[in-house]
Amino acid sequence: MGDHILLDLEEWALVLNKMLRFHFNISEEIKAVVQAIRTEMKPELIPLAEDKSTFGKVVKKAIREMWALEYEVDELQHKFADSIGSMDLDNLDVDFIEDMMLKAKPLQSVLNNIRGRQITKLEEIKTTYGDAVKDLDTMMVTRPPKPADAPAAAPAPAAAPEAVKA
């Protein structure tokens, strides 16, 4: 394959699942603090709950960034599958295989770009959260479907021209 580093998909899944467990644990800590605030009337814990909530949002953002890269790979795989159509294995010929290889070549560079960004993101996550998640059990969560793209917001109406003073 050459001189580029391959993404270890098992490590990617492991780190992602540990991040999901980490986020779950943070959520549980927040619940416990909120319950203490309510039952024990400890308003001094409110800043702690807010800090944990803010940190939980940062962790969730990292998870969503990992999922976003997975969505890109899925989209690329669907584009490739759509481009080759259905395969008639009984009538497979050299021309079809050659055509499929030619269609795959441009997509390979796009996939390599995505994999490179995944490697970078994985290293970033491990550097930032590695110590916090290394001893956690994994938490298997089915990735939610890709959110639909929000429709483009309508441009703001132009400001009405001021009346000319006579």
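Phe22 has a relative accessible area of 12% and therefore counts as buried, where buried denotes a relative accessible area under 20%, exposed over 50% and partly exposed the range in between, computed with a 1.4 Å probe on protein chains only. The model is a predicted one, in which local features need pLDDT of at least 70 and side-chain atom pairs count only at pLDDT 80 or more, whereas totals for chains, interfaces and linings use all residues. Residues are numbered from 1 along each chain as its sequence is written, and side-chain values use heavy atoms, with hydrogens and water left out.

Aromatic pairing was assigned to rings of Phe, Tyr and Trp (the six-membered ring for Trp) with centres within 6.5 Å, planes under 30 degrees apart being counted as stacked, over 60 as edge-to-face and the rest as tilted. By this rule the model contains 3 aromatic pairs. In one of them, the ring centres of Phe22 and Phe55 are 5.8 Å apart and the planes stand at 80 degrees, so that the pair is classed as edge-to-face. Because Phe22 belongs to helix 1 (residues 9-39) and Phe55 to helix 2, this pair ties together parts that are 33 residues apart in sequence; helices here are DSSP runs of H or I with at least four residues, numbered from the N terminus. Phe55, with a relative accessible area of 37%, is partly exposed. Together with Tyr129, Phe22 and Phe55 form one aromatic cluster.

When residues up to four places away in sequence are not counted, Met19 touches Val59, Ala62, Ile63, Ile125, Tyr129 and Val133, contact meaning heavy atoms within 4.5 Å.

Lys121 is located in helix 3 and, at 11% relative accessibility, counts as buried. Leaving aside neighbours within four places in sequence, Lys121 is in contact with Trp12, Glu65, Met66 and Leu69. Ile46, in turn, lies in helix 2 (residues 46-84) and counts as partly exposed at 37% relative accessibility. The C-alpha atoms of Ile46 and Ala36, which are 10 residues apart along the chain, are separated by 9.8 Å.

How values were computed: Helix = DSSP H or I, 4+ residues; strand = E, 2+ residues; numbered from the N terminus.
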